[in-house]
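Please keep the sequence and the 3D view open while reading.

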Amino acid sequence: MQNGQLRPAILFVAGLMGLFGVVSAAAASHGADPRLLGGASAMCLAHAPALVALYAAWPVMRTAALAALLLSAGTALFAADLTARHFLGHGLFPMSAPTGGVLMMLGWLAVSAGAFFKRTEI
């Protein structure tokens, strides 16, 4: 995928992530133990707006693409693992949630690095 196609894809992912956040919050409110789906919902609803912000900052922030990819992959992996644990009784694969968490942390570091790697042209 080329960089010109990545930016709209990130906005698409943000929308899907927001949708999943709302759906998983609703599902969590109807289950016996809402902790896993509630956690998945919280991560999605926290990171979907961050992806929208990165989409908006894309023209002036050199690290926007990297940050968006890391946050997208990390959040999807983390939330998918929690959702699998809720519905299947086991995670996706060993260390999948921690791997997703590390990717999210790296994504936020890439956001921070964006303060120092600005684009001069708009």
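Ser24 is found in helix α1. The model is a predicted one. Is Ser24 buried or exposed? Ser24 has a relative accessibility of 3%, and because the limit for a buried residue is under 20%, Ser24 counts as buried.

Apart from neighbours within four places in sequence, Ser24 is in contact with Leu37, Ala40 and Ser41.

## Overall layout

The protein has four helices and zero strands. Along the sequence the pattern reads α-α-α-α.

The C-alpha trace spans about 55 × 25 × 25 Å along its principal axes. For 122 residues, a compact globule would have a radius of gyration near 14 Å, and the 15 Å of the protein agrees with that. Buried residues account for 37% of the 122 residues. The accessible surface amounts to about 6,800 Å², and carbon and sulfur atoms hold 74% of that area. Of the contacts between residues at least 6 apart in sequence, 68% join residues that are at least 24 apart.

## The nonpolar core

In soluble globular proteins, nonpolar side chains tend to be buried together. In this model the largest nonpolar core has 24 residues. Which of its members touch the most other members? They are Ile10, Leu51, Leu54, Trp58, Ala68 and Leu71.

Not counting residues up to four places away in sequence, Leu71 touches His47, Ala50, Leu51, Leu54, Met104, Gly107, Trp108 and Val111. Two of the residues on that list, Leu51 and Leu54, are also named among the core members that touch the most others.

Leu45 is found in helix α2. At 39% relative accessibility, Leu45 counts as partly exposed. Leaving aside neighbours within four places in sequence, Leu45 is in contact with Gly18, Gly21 and Val22.

How many residues separate Leu45 and Phe20 in sequence? The two are 25 residues apart in sequence, while their C-alpha atoms are 8.3 Å apart in space.

## A nonpolar patch on the surface

Some nonpolar side chains lie at the surface. Phe12, Leu16, Leu19 and Val23 make a nonpolar surface patch of about 400 Å². One of these residues, Leu19, is found in helix α1. Leu19 has a relative accessible area of 51%, and since exposed means over 50%, Leu19 is classed as exposed.

## Salt bridges

Side chains of opposite charge can pair when their charged atoms come close. How many salt bridges does the structure hold? It holds two.

One joins the side chains of Asp33 and Arg35, with an N to O distance of 2.8 Å. Asp33 counts as partly exposed at 34% relative accessibility, whereas Arg35 counts as exposed at 65%. The other joins Asp81 and Arg85, whose closest N and O atoms are 2.7 Å apart. Asp81 and Arg85 both lie in helix α3, four residues apart, which is about one turn of the helix.

## A buried aspartate

Where does Asp81 sit? Its place is in helix α3, and Asp81 is buried, with a relative accessible area of 0%. Its salt-bridge partner Arg85 counts as partly exposed at 36% relative accessibility.

Leaving aside neighbours within four places in sequence, Asp81 is in contact with Gly91, Leu92, Phe93, Ser96 and Ala97.

Conventions
Residues numbered from 1 in each chain as written. Predicted model: local features only at pLDDT ≥ 70, side-chain atom pairs only at ≥ 80, totals over all residues. Heavy atoms only, no water. Core = buried A, V, L, I, M, F, W, Y, C linked by side-chain atoms within 4.5 Å. Buried < 20%, exposed > 50% of the residue type's maximum accessible area, 1.4 Å probe, protein only. Contact = heavy atoms within 4.5 Å. Patch = residues over 30% accessible without salt bridge, like charges linked within 9 Å, V, L, I, M, F, W, Y side chains within 5 Å. Areas by Shrake-Rupley, 256 points an atom, 1.4 Å probe, with all protein chains shown as cover. Salt bridge = Lys/Arg side-chain N within 4 Å of Asp/Glu carboxyl O. Helix = DSSP H or I, 4+ residues; strand = E, 2+ residues; numbered from the N terminus. Rg over C-alpha atoms; globule rule 2.2 N^0.38 Å.
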